[in-house]
Amino acid sequence: MEEQAPRKIMFVNRKAPHGSIYAYEGLEVILIFGAYDQEISAAFLDDAVLSLKKGQDTSEIGTKEFSATFRVLEAYGVENRYVERESLEQRGLTEEDLVMDVDVVDGATLRKYMGEQDVLLPF
């Protein structure tokens, strides 16, 4: 019996961290999938890059600040973590502003990586 190669699954995060449940639920689903023997990637573009910003204070909007949780992605086997350079620059952020190590790539490279996946899951 042949063993199947792990599927390549990329989570494409595009929503702001607060104001909707998308970013938080996306994080939870990535962590759940990290428990399975698949090749998991996480991509952050558009307002989702704000989810990774250090030093967030959500006390005035009354929501949970969960950016630090992204740091465990590597421990859950999510070794491919990409941030779109253009989205980062448009929001005045640099790689040093982020809570975890990522590969900052341009939009064309990120689209290439997306094309190499078996499954894309948008959040």
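Visitor: What percentage of the 123 residues in the chain is buried?
Guide: Buried residues make up 38% of the chain. Keep in mind that this is a predicted model.

Visitor: How many helices and strands does the chain have?
Guide: There are three helices and five strands.

Visitor: In what pattern do they follow along the sequence?
Guide: The pattern reads β-α-β-β-α-β-α-β. The radius of gyration is 14 Å, close to the 14 Å that the globule rule gives for 123 residues, so the chain is as compact as a globular protein of that length.

Visitor: What box do the C-alpha atoms fill?
Guide: Roughly 55 × 30 × 20 Å, taken along the principal axes.

Visitor: What share of the contacts comes from residues 24 or more positions apart?
Guide: Such pairs account for 74% of the contacts with a separation of 6 or more.

Visitor: Let's pick a residue. Where is Thr58?
Guide: Thr58 sits in the loop between strand S2 (39–44) and strand S3 (80–84).

Visitor: Is Thr58 buried or exposed?
Guide: Buried. Its relative accessible area is 8%, and the cut-off for buried is under 20%.

Visitor: What does Thr58 touch, beyond residues up to four places away in sequence?
Guide: Thr58 touches His18, Thr63, Lys64 and Glu65. With Thr63 there is a polar detail: a polar atom of the Thr58 side chain lies 2.6 Å from the backbone oxygen of Thr63.

Visitor: Switching over. Where is Glu95 found?
Guide: Glu95 is in the loop between helix H2 (85–90) and strand S4 (103–105).

Visitor: Which residues is Glu95 in contact with, leaving aside neighbours within four places?
Guide: Leu88, Val102 and Val104.

Visitor: How far apart are Glu95 and Leu73 in space?
Guide: They are 17 Å apart, C-alpha to C-alpha. In sequence, 22 residues separate Glu95 and Leu73.

Methods
Residues are numbered from 1 along each chain as its sequence is written. This is a predicted model: local features need pLDDT of at least 70, side-chain atom pairs count only at pLDDT 80 or more; totals for chains, interfaces and linings use all residues. Side-chain values use heavy atoms; hydrogens and water are left out. Helices (H or I, at least four residues) and strands (E, at least two) are DSSP runs, numbered from the N terminus. The radius of gyration is taken over C-alpha atoms; the globule rule is 2.2 Å times the number of residues to the power 0.38. Buried means under 20% relative accessible area, exposed over 50%, partly exposed in between (1.4 Å probe, protein chains only). Contact means heavy atoms within 4.5 Å. A polar contact is a pair of N or O atoms within 3.5 Å; within protein, one must be able to donate a hydrogen and the other to accept it, and residues adjacent in sequence count only if both atoms are side-chain atoms.
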